[in-house]
Amino acid sequence: EIGAWTSIFRFHVYNSALSGTFPTEIGAWESINEFFVFNTAVSGTLPTEIGAWGSIESFSAYNIALNGSLPTQIGAWTLIYNFYVYNNALSGTLPTEIGAW
């Protein structure tokens, strides 16, 4: 089960046929530092549970089919320095909570 990976440091999946949606269980990844998913067939929304990623520094989810709005919970990320979500179908406004980045 993907939610059991509590000590994952880097998650990189790109240029692959990975499809489906992001499971909410990825929010349990306590020590995730890098999250890169791009050029895949992943779709849907980002789960709000990823707001618990206190050690995330670099987040990339582009050239996929994200939709909806960015979860406000990502505003809790205090170490983030790279954030890429381009070439998606996101809508709405940027969460004001990310102003603390």
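Strand S6, residues 65-68, pairs with S8 in the parallel sense over two bridges. Two strands count as paired here if DSSP finds at least two bridges between them. Within this pair, Asn-67 stands opposite Ala-89 in S8.

Before I go on, a word on the model. It is a predicted one, where local features need pLDDT of at least 70 and side-chain atom pairs count only at pLDDT 80 or more, while totals for chains, interfaces and linings use all residues. Residues are numbered from 1 along each chain as its sequence is written, and side-chain values use heavy atoms, with hydrogens and water left out.

Back to S6. Strand S4, residues 41-44, also runs parallel to S6, and two bridges join them. There, Gly-44 has Leu-66 of S6 as its bridge partner.

Now put the pairs together. What is the order of the strands in the open sheet? The order is S2-S4-S6-S8, four strands with parallel pairing. At the edges are strand S2 (19-20) and strand S8 (89-90), each pairing on one side only.

Next, the salt bridge, meaning a side-chain nitrogen of Lys or Arg within 4 Å of a carboxyl oxygen of Asp or Glu. How many does the structure hold? It holds one. Glu-34 forms it with Arg-10, and the closest N and O atoms are 3.0 Å apart. Glu-34 lies in strand S3 (residues 34-38) and Arg-10 in strand S1 (residues 10-14), so the pair ties together parts that are 24 residues apart in sequence.

Is Glu-34 buried or exposed? Buried means under 20% relative accessible area, exposed means over 50%, and partly exposed is in between, with a 1.4 Å probe and protein chains only. Glu-34 has 14% relative accessibility, so it counts as buried. Arg-10, at 49%, counts as partly exposed. Across the protein, buried residues make up 41% of the 101 residues.

Last, overall size. The C-alpha atoms fill a box of roughly 35 × 30 × 20 Å along the principal axes. The radius of gyration is 13 Å, which agrees with the value near 13 Å for a compact globule of 101 residues. That radius is taken over C-alpha atoms, and the globule rule is 2.2 Å times the number of residues to the power 0.38.
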